[in-house]
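Work through the exercises below with the sequence and the model at hand, trying each task before reading its solution.

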Amino acid sequence: MTVPLSILDLAPISEGQPVRESFEASVALAQLAEEAGYRRVWYAEHHNMPSIASSATSVLIAHIAAHTESIRLGAGGIMLPNHAPLTIAEQFGTLETLHPGRIDLGLGRAPGSDQATMRALRRDPMSAESFPQDVLELQGYLAGPSRIPGVEAVPGKGTNVPLYILGSSMFGAQLAAALGLPYAFASHFAPAALTDAVALYRREFQPSEQQPEPYVIAGVNVVAADSNEEAQEQFRAIRRHRVARFLVPDRPLTDEEADLLLDTPQGRQIAGMLQYTAMGTPEAVNEYLDAFAAHAGADELIVAHQAMEATARLRSAQLLAEVAGLVSA
């Protein structure tokens, strides 16, 4: 690989699986990533989604950190409008104090939920409008000086937890460039604006104390398996699961029903979210990722191993690490 590789883990919950097993699988994936040479593992904040267990993101990071030794861990990301910046500074200041030099904090402005869940989170519908100011307030708590006189994050103050701006549109690119922060683009599910957003970010980047030069992380899906046929079968299951989750969330679908939905305009749109997917044997996946890194103008790739079963995700992560030269085969 021409760029470092990292992992995005949504702590997926398989059909009928206890949530605890999802967390056990996330520990196993982080331990494999640490041993194999991945740069970092990030966890994303989502709410009210039966198939995702990473809602209490900082708590999950703490659990994973306690079961690993050296790999960087972080949020990819925290949806900051759901929280007071001081609370997030205290949470991630605690994590950095307990696990120094290992914690990242990626920040997004989306709700990570639907409208009803937003109300349950007590989120103000207009809170996203203050996202740039909230990022600066949070940065002040972690790196100083505080922008709220007399208010400090304890723990948090002076920990200098590195911030990353997450995005899937031009807004995040502009903000990351203006603040001089690294930029992570969610091309693993929102591919449309990738190249335009990265170009804008690099063109308008203003150096900062944290980040003297622009730095781009691009998301990409991976389904690596021992054979091309196995990878294709896994990818078919992923597409069926995704269209069922989005279009018919209240009941299970047969494979035939899911395939019919995938042939509809709505189904094709949902399948299009997986546009950037490296699938197949390890060699084919590695070749795709090299080309994708160049296409995206990325300094680092964060890969989402998308197989439905935990054992297949672990195998995918191991195969990619070996073929990319992160570990000896």
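This is a predicted model: local features need pLDDT of at least 70, side-chain atom pairs count only at pLDDT 80 or more; totals for chains, interfaces and linings use all residues.

Residues are numbered from 1 along each chain as its sequence is written, and side-chain values use heavy atoms, with hydrogens and water left out.

**Exercise 1.** Determine how the axes of helix α6 and helix α7 cross, and which residues meet.

Solution. Helices here are DSSP runs (H or I, at least four residues), numbered from the N terminus. The axes, lines fitted to C-alpha atoms over the stretch in contact, with angles from 0 to 180 degrees between N-to-C directions, come within 8 Å for α6 (residues 170–179) and α7 (residues 194–204), crossing at roughly 20 degrees. Therefore α6 is roughly parallel to α7, a term for angles under 35 degrees. Next, by contact (heavy atoms within 4.5 Å), Met170, Ala173, Gln174, Ala176 and Ala177 of α6 meet Asp196, Ala197, Leu200, Tyr201 and Glu204 of α7.

**Exercise 2.** Decide whether glutamine 234 is buried or exposed, and list its contacts beyond four places in sequence.

Solution. Glutamine 234 belongs to helix α8 (residues 228–247). Its relative accessibility is 13%, so glutamine 234 counts as buried, given that buried means under 20% relative accessible area, exposed over 50% and partly exposed in between (1.4 Å probe, protein chains only). Once neighbours within four places in sequence are set aside, glutamine 234 is in contact with Val223, Ala225, Ala307 and Ala312.

Definitions and conventions
Helices (H or I, at least four residues) and strands (E, at least two) are DSSP runs, numbered from the N terminus. Angles under 35 degrees count as roughly parallel, over 145 as roughly antiparallel, 65 to 115 as roughly perpendicular and the rest as oblique.
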